[in-house]
Amino acid sequence: MTSRAFPPYHSHMQIIDIREIEAERKAIGVSAGALTKRAGIAASTWSRIINGKFQPRQETVIRILAALKVLRVEHASKGAARLRAKKS
């Protein structure tokens, strides 16, 4: 089975590659469900986006990026708290 290319999202000033968002999500260790819940989109919508079957609106991409930013900060905070707990 050939993998489908992720469609890049064209914004006014930049191109956002959905593969980068998905890679970041995986790198910080959050589930797709956590991302979709935080972004306020259906899991099926995210699946269609990452499988190249749906081109999201700009508003949707902005919500996904904002959700990822919040999740990144939360993940970093939890990691820092674990380190502090280990030192105690």
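The model is predicted, so local features need pLDDT of at least 70 and side-chain atom pairs count only at pLDDT 80 or more, while totals for chains, interfaces and linings use all residues. Residues are numbered from 1 along each chain as its sequence is written, and side-chain values use heavy atoms, with hydrogens and water left out.

Let's begin with the overall layout. The protein has four helices and two strands; these are DSSP runs numbered from the N terminus, with helices being H or I of at least four residues and strands being E of at least two. Along the sequence, the order is β-β-α-α-α-α. Of the 88 residues, 28% count as buried, where buried means under 20% relative accessible area, exposed means over 50%, and partly exposed lies in between (1.4 Å probe, protein chains only). The protein exposes about 6100 Å², and carbon and sulfur atoms supply 57% of that area. Accessible areas come from the Shrake-Rupley method with a 1.4 Å probe, and for residues only the protein chains shown count as cover. A contact means heavy atoms within 4.5 Å. Among contacts between residues at least 6 apart in sequence, 63% join residues at least 24 apart.

Now for the inside. A nonpolar core is a set of buried Ala, Val, Leu, Ile, Met, Phe, Trp, Tyr and Cys residues joined through side-chain atoms within 4.5 Å. The largest one here has 16 residues, of which I18, I21, L35, W46 and I64 touch the most other members. The elements giving two or more residues to this core are α1, α2 (32–39), α3 (43–50) and α4 (58–87). Of these, α4 gives the most, with five residues. Take I64: leaving aside neighbours within four places in sequence, I64 is in contact with I21, L35, A39, I41, W46 and I49.

I41 counts as buried because its relative accessible area is 13%. Beyond four places in sequence, the contacts of I41 are T36, W46, T60, R63 and I64. R63 is 22 residues away along the chain, yet the two C-alpha atoms are separated by 8.6 Å.

Next, look at how two helices meet. α1 and α3 pack at an angle of about 125°, with their axes 10 Å apart; axes are lines fitted to C-alpha atoms, for helices over the stretch in contact, and angles run from 0 to 180 degrees between N-to-C directions. That angle makes α1 oblique to α3, because angles under 35 degrees count as roughly parallel, over 145 as roughly antiparallel, 65 to 115 as roughly perpendicular and the rest as oblique. I18, I21, E22 and R25 of α1 meet W46, I49 and I50 of α3. This set divides into five nonpolar, no polar and two charged residues.

R25 lies in helix α1 (residues 18–28) and is buried, with a relative accessible area of 9%. Not counting residues up to four places away, R25 touches V30, S31, A32, L35, W46 and L68.

E24 is also found in helix α1, but counts as partly exposed at 24% relative accessibility. Outside four places in sequence, E24 is in contact with L68 and R72.

How values were computed
Ala, Val, Leu, Ile, Met, Phe, Trp, Tyr, Cys and Pro count as nonpolar, Asp, Glu, Lys and Arg as charged, and the others, Gly among them, as polar.
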